[in-house]
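I opened the model to look up a few local features. My notes follow the structure.

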Amino acid sequence: MTSEMIAETRKQLIAAGLPADQWAPSDIKKIITEASQQNMSVVDYAKANFHN
């Protein structure tokens, strides 16, 4: 997983209204991995599992 992937995912999450600018890169990596395993978009996974 590259820093570019993490940065792009962070942008998508912020655009969706989530406070991803406050999340650690490890949190973003976990969202990418878990969303992929559950066949969900990163935004849907984050909204379901990370609460503001």
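Helices (H or I, at least four residues) and strands (E, at least two) are taken as DSSP runs, numbered from the N terminus. I am working with a predicted model, where local features need pLDDT of at least 70, side-chain atom pairs count only at pLDDT 80 or more, and totals for chains, interfaces and linings use all residues. Numbering starts from 1 along each chain as its sequence is written, and side-chain values use heavy atoms, without hydrogens and water.

**Entry: Ala7.** I found Ala7 in helix H1 (residues 3-15). Ala7 is partly exposed, at 36% relative accessible area (buried is under 20%, exposed over 50%, partly exposed in between; 1.4 Å probe, protein chains only). I also checked Ala7 against Gln22, 15 residues apart along the chain: their C-alpha atoms are separated by 13 Å.

**Entry: H1 and H2.** How do H1 and H2 pack, by angle and by distance between axes? I read an angle of about 85 degrees, with the axes 10 Å apart. H1 and H2 are therefore roughly perpendicular to each other (65 to 115 degrees). From H1, the contact (heavy atoms within 4.5 Å) uses Met5, Ile6, Thr9, Arg10 and Leu13. H2 supplies Pro25, Ile28, Lys29, Ile31 and Ile32. By class I noted seven nonpolar, one polar and two charged residues.

**Entry: Asn39.** I placed Asn39 in the loop between helix H2 (25-37) and helix H3 (42-49). Its phi is near 55 degrees, a positive value in a residue other than glycine. Most residues other than glycine have a negative phi. Is Asn39 buried or exposed? Asn39 is exposed, with 73% relative accessible area.

Methods
Axes are lines fitted to C-alpha atoms, for helices over the stretch in contact, and angles run from 0 to 180 degrees between N-to-C directions. Angles under 35 degrees count as roughly parallel, over 145 as roughly antiparallel, 65 to 115 as roughly perpendicular and the rest as oblique. Ala, Val, Leu, Ile, Met, Phe, Trp, Tyr, Cys and Pro count as nonpolar, Asp, Glu, Lys and Arg as charged, and the others, Gly among them, as polar.
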